[in-house]
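Please read this briefing with the structure open beside it. The points are grouped by topic.

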Amino acid sequence: MSVVADTTGADFPTLSREGVVYLDSAATSQTHRSVIAAMDDYYEHHRASVHRGVYPLAVEATDLYEGARDRAAHWLGAHARGTVFTKNASEAVNLVSYSWGHANLGPGDTVVVTEMEHHSNFVPWQVLCERTGARLAHVPVDDEGHLRLDVLDELLATGTVKLVAVVHVSNVLGTINPVQDITARAHAAGAVVLVDGAQAVPQIPVDVAAIDADFYVWTAHKAYGPTGIGILHGRPEILEAMPPFISGGHMIASVSLDGSRWADIPTKFEAGTSPIAEAAGLGAAVDYLQGMGMDALRAHEQDLTGYALERLRGVPGLTVNGPADAADRGALVSFTLDCAHPHDVAEIVARRGVCVRAGHHCAQPLMQRLGVAATTRASFGVHNTREDVDALVDALGDVITLFGD
Ligand SMILES: Cc1ncc(COP(=O)(O)O)c(C=O)c1O
């Protein structure tokens, strides 16, 4: 299996640092050099605000900003008009829960989430239900780490479900959920669907049009892009009908002492000065991923995940969470070791430069389902190799030597 990206540091400057084995791309990916260059280019050559100016710098900045929106939308098969820049995936979910949720939910309605949601796609719905009097129901996870779609069907059959919120790729189990099928079932029952693609977009080919969800959210900092910018792809008709989330400058058509009218989408949802450098960086990240090809990226990462599953299963006292087959999972593996707490595991392997994440991964309902307080998670990016997996397994040997019987 070929490595799809240069690991010498030419592509990802941080990785040129001696002794770093970066296995935490699911938390945040490394920044690709072209992304840094695109942001520098904005600051050094095109610095101006977008949309308002008519002088060349402002026109160039607007082209950078809108060009990034067009490329991101086109890449994933979404409408540019329905593509809203947000701060991150969390803000994109909050935009929908506040704007769509408050306008459409009340007592007697049900919002369905799943037991494997990241808090970002769980807490906003919990808060919304508390405020509107709607009921929050959940789809459980089975012992293999898959969603119980029979329970989803039972919930949908009540006729009360207004919205289903589901993660595309779980950040703990790695499970790739059948979001197209879930969307079709929910739509047949008259429910709106939001898919959290924060892990999916950088890890697997995603076709927003084929999935057909009403809302699809993701975040640039996990997709080799900058921090500070995320995306909400919404069905244009539904976004048009929604009230603004954050109001103020830029998102208006006109303002008078008597009232205001809103700008068209997507501007209606982009109050204030835009994250222009971040959008330029996001556009470069899209170009990078598109140039590599998501099929090639997926093949590389699936190979690494399969190899990691095989090697980790050979470690005494280690339990892997989630589906057994790499074909059913994204590029991450979370696990527990009998002899040591996940935080101790992360700390000991870090002594060999291996960077993994330990904790509840912002998925406490799932931790409760798994019967653990925390896990250790290794996640893979385009730059990782089988040697990185070997380094993790060798370092786990240190943990067993220290903490084992
Ligand atoms: C599945 C999932 N959803 C949402 C998020 C939140 O992303 P952000 O921090 O960019 O809002 C994360 C981040 O860890 C995630 O893994």
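The model is predicted, so local features need pLDDT of at least 70 and side-chain atom pairs count only at pLDDT 80 or more, while totals for chains, interfaces and linings use all residues. Residues are numbered from 1 along each chain as its sequence is written, and side-chain values use heavy atoms, with hydrogens and water left out.

**Around the ligand**

- Lys222 has a side-chain N or O atom 2.6 Å from an oxygen atom of the ligand.
- For Gln199, a polar side-chain atom is 2.8 Å from an oxygen atom of the ligand.
- For His221, the distance from a polar side-chain atom to an oxygen atom of the ligand is 2.9 Å.

**Two domains**

- Domain 1 covers 13-30 + 294-403, and domain 2 covers 35-290; the bounds come from an automatic or database domain assignment.
- The centres of domain 1 and domain 2, taken over C-alpha atoms, are 28 Å apart.
- Contact (heavy atoms within 4.5 Å) links 36 residues of domain 1 with 35 residues of domain 2.
- About 2700 Å² is buried between domain 1 and domain 2, and carbon and sulfur atoms give 56% of this. Buried area is the accessible area (1.4 Å probe) that two parts lose on being put together, summed over both.
- On the side of domain 1, Met294, Leu366 and Arg369 lose the most area to domain 2, together 23% of what that side buries.

**Links between the domains**

- Between domain 1 and domain 2 there are 20 residue pairs in polar contact, both at pLDDT 80 or more.
- Helix 11 (294-313), strand 12 (332-337) and helix 13 (364-370) each give two or more residues to the side of domain 1 that touches domain 2. Helices (H or I, at least four residues) and strands (E, at least two) are DSSP runs, numbered from the N terminus.
- Helix 13 gives the largest share of that side, 6 residues.
- There are 2 salt bridges between domain 1 and domain 2, a salt bridge being a side-chain nitrogen of Lys or Arg within 4 Å of a carboxyl oxygen of Asp or Glu.

**Salt bridges**

- The whole structure has 17 salt bridges.
- One of them joins the side chains of Glu115 and Arg369, at 3.9 Å from N to O.
- Another joins Arg185 and Asp153, whose closest N and O atoms are 2.7 Å apart. Arg185 is in helix 6 (residues 179-188) and Asp153 in helix 5 (residues 149-157), so this pair ties together parts that are 32 residues apart in sequence.

**Loops and backbone**

- Most residues other than glycine have a negative phi, and most peptide bonds are trans.
- His51 has a positive phi, near 75 degrees, and lies in the loop between helix 1 (33-45) and helix 2 (56-76).
- The peptide bond from Ile265 to Pro266 is cis, with omega near 0 degrees. Pro266 is in the loop between strand 10 (259-262) and helix 10 (276-292).
- Lys87 is in the loop between strand 2 (83-86) and helix 3 (89-104). Lys87 and Gly228 are 141 residues apart in sequence, but their C-alpha atoms are 5.1 Å apart in space.
- Leaving out residues up to four places away in sequence, Lys87 touches Gly228, Ile229 and Gly230.

Note on methods: A polar contact is a pair of N or O atoms within 3.5 Å; within protein, one must be able to donate a hydrogen and the other to accept it, and residues adjacent in sequence count only if both atoms are side-chain atoms.
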